[in-house]
Amino acid sequence: MDARASTVVTSALEMEGLSTAKRFLVVGGGISGVTCSEQLAMQFPSDDVLLITASALIKSVTNFKQISKILEEFEVEEQPSTMLENRFPNIKVIQSAVKQLDSAQHVVVTEDGKQYTYEKLCLCAGAKPKLIMEGNPYVLGIRDTDSAQDFQKHLKDARRIAIVGNGGIALELVYEIEGCEVIWAIKDKAIGNTFFDPGAAQFLIPQLKNEKPETQIPVKRTKYTTEYNGSDQDEGSSAELGSALGPDWHQGLDLKATKEFSHRVHIETMCEIKKLYLQEEFKKLEVLSQAFPKDGQDEQNTDWDAEQWPVYIELTNGKIYGCDFIVSATGVVPNVEHFLSGNSFDVAEDGGLKVDDHMRTSLPDIYAAGDICTASWEHSSLWQQVVLLGKYNAQGLGTDHELLLRCTKGLEYVKVVMQNGRMMGAVLIGETDLDETFENLILNQMDLSLYGEHLLDPNVDIEDYFD
């Protein structure tokens, strides 16, 4: 179809109400998509911006603060899409999933059959949970508000659950859940290795066994959710709806189960799920499952479990545990499937759309942001796509580096990565008040050789010294 024919067809579809032409089209109602739409609406007030989202709710950034040159602080607020339209008259929100993209014709087709033409397109469709097993009713993924609430419903009657994964969602769940035994299976040697080193992990482990403080910091903003009629949805379709959870997603959820204790967590390291068994399948094996280890018995647990469970997990280390359900927190995969067919995007190894330092994909007039894309430009020697500072785990530095460490049990953990007398990265846990100072030292690459190990001396007010 040539350009003239395409224009004629588009005009005819617009007259029938089946097609809409906009200069800017954004797909995805998460932080990336909403922020992109807001910026376009402000920069081009005379142009219309169309935002297509599968969810009735959008996520917006509020209370933004620039803490330092690089560090930013903000809150994530869920809002009805009408609030965005009220703030920006030139933004129109369409609630529908995307069915197809025709990049050659600059057309996006939604599930309801409507077509939307664009001059510039930004894909912000996020990612979806990477479940250890699809279609199993005892395997839950947590990605958006509705899946988090579904998890809460399952948890309230649970005696024991298994959590698989070692990322941010898993870390928060293991700490927040109360009144329920938790088997935590990770493939790494230490917890949270995506974010910090084994030393920091060891510092945090005691917190999993301590009583949680009663006082909670209030979430000072309104939260919304949506209700769906289960009969109108395909099974599992809730995982396709909604954008990623915000940083305080568990606030306001009751993550308390049936038992009268706070934390009871057992960690199985260096293992993965080998197989899942439903109760009847497990009975046919005529084997026994492990009892939940008692305190101090983790490595030499030889007790067998007398209780029966709805589902059993067999780990690659040979152990078998029964539980009420399993949370698959093994990461996400970029939500690209509706955009790849018929379009020659360059795709990264992690499945994300490759973007350059202007967030442009390999196709003309198409940009991408958020979890759907992968940063494919040449990175700064100090850059890491995480929330910690610089090369916090000495990534890519080889053996030519040294570590400085300061640890006060239960209060703070400070680790600094040094190379040739210059700070390359840092891990800060607790109220250290060193974040802005260390960020500046990493960015300006000041020679700190003179200070040596005294750089972390608690008697030296380093924050004022380098301010």
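1. Asp47 is buried, with a relative accessible area of 19%, where buried means under 20% relative accessible area, exposed over 50%, and partly exposed in between (1.4 Å probe, protein chains only). The side chain of Asp47 meets that of Arg23 in a salt bridge, at 2.8 Å from N to O, the term standing for a side-chain nitrogen of Lys or Arg within 4 Å of a carboxyl oxygen of Asp or Glu. Arg23, for its part, is partly exposed, with a relative accessible area of 31%.

2. On provenance, this is a predicted model, in which local features need pLDDT of at least 70 and side-chain atom pairs count only at pLDDT 80 or more, while totals for chains, interfaces and linings use all residues. Residues are numbered from 1 along each chain as its sequence is written, and side-chain values use heavy atoms, with hydrogens and water left out.

3. To return to salt bridges, the structure holds 16 of them. Side chains of opposite charge can pair when their charged atoms come close.

4. A further salt bridge joins the side chains of Lys120 and Asp365, at 2.7 Å from N to O. Because Lys120 lies in strand 8 (residues 115–123) and Asp365 in the loop between strand 19 (353–355) and strand 20 (366–368), the pair ties together parts that are 245 residues apart in sequence. Lys120 is partly exposed, with a relative accessible area of 31%, and Asp365 is likewise partly exposed, at 25%.

5. Asp157 forms a salt bridge with Lys156, the closest N and O atoms being 3.3 Å apart. Here Asp157 is exposed, with a relative accessible area of 55%, whereas Lys156 is partly exposed, at 48%.

6. The largest nonpolar core has 31 residues, and those with the most contacts inside it are Phe151, Ile161, Ile163, Ile177 and Trp184; such a core is a set of buried Ala, Val, Leu, Ile, Met, Phe, Trp, Tyr and Cys residues joined through side-chain atoms within 4.5 Å. At least two residues of this core are supplied by each of helix 4 (145–155), strand 11 (160–164), helix 5 (168–176), strand 12 (181–185), helix 6 (198–204), strand 17 (325–328) and strand 25. The largest share, 4 residues, comes from helix 5.

7. Val327 is found in strand 17 and counts as buried, at 0% relative accessibility; its C-alpha atom and that of Val164, 163 residues apart along the chain, are separated by 6.2 Å. Ser328 lies in strand 17 and counts as buried at 4% relative accessibility, and the C-alpha atoms of Ser328 and Gly141, 187 residues apart along the chain, are separated by 5.2 Å.

8. Glu431, Asp433, Asp435 and Glu436 gather in a patch of negative charge on the surface. Patches are made of residues with over 30% relative accessible area and no salt bridge, with like charges joined within 9 Å and nonpolar side chains (Val, Leu, Ile, Met, Phe, Trp, Tyr) within 5 Å. Asp433 sits in the loop between strand 25 (422–429) and helix 9 (435–444), and counts as partly exposed at 49% relative accessibility. In helix 9, the buried residues are Thr437, Phe438, Glu439, Leu441 and Ile442, and just after helix 9, Gln445 takes a positive phi of about 55 degrees.

9. Two backbone positions may be worth checking by eye. His106 has a positive phi of about 55 degrees although it is not a glycine; His106 is found in the loop between strand 6 (98–102) and strand 7 (107–110) and counts as buried at 19% relative accessibility. Glu286 also has a positive phi of about 55 degrees without being a glycine; Glu286 is found in the loop between helix 7 (279–285) and strand 15 (311–315), and counts as exposed at 72% relative accessibility.

Notes: Accessible areas come from the Shrake-Rupley method with a 1.4 Å probe; for residues, only the protein chains shown count as cover. Lys and Arg count as positive and Asp and Glu as negative; His and the chain ends are not counted. The place of a charge is taken as NZ of Lys, CZ of Arg, CG of Asp or CD of Glu.
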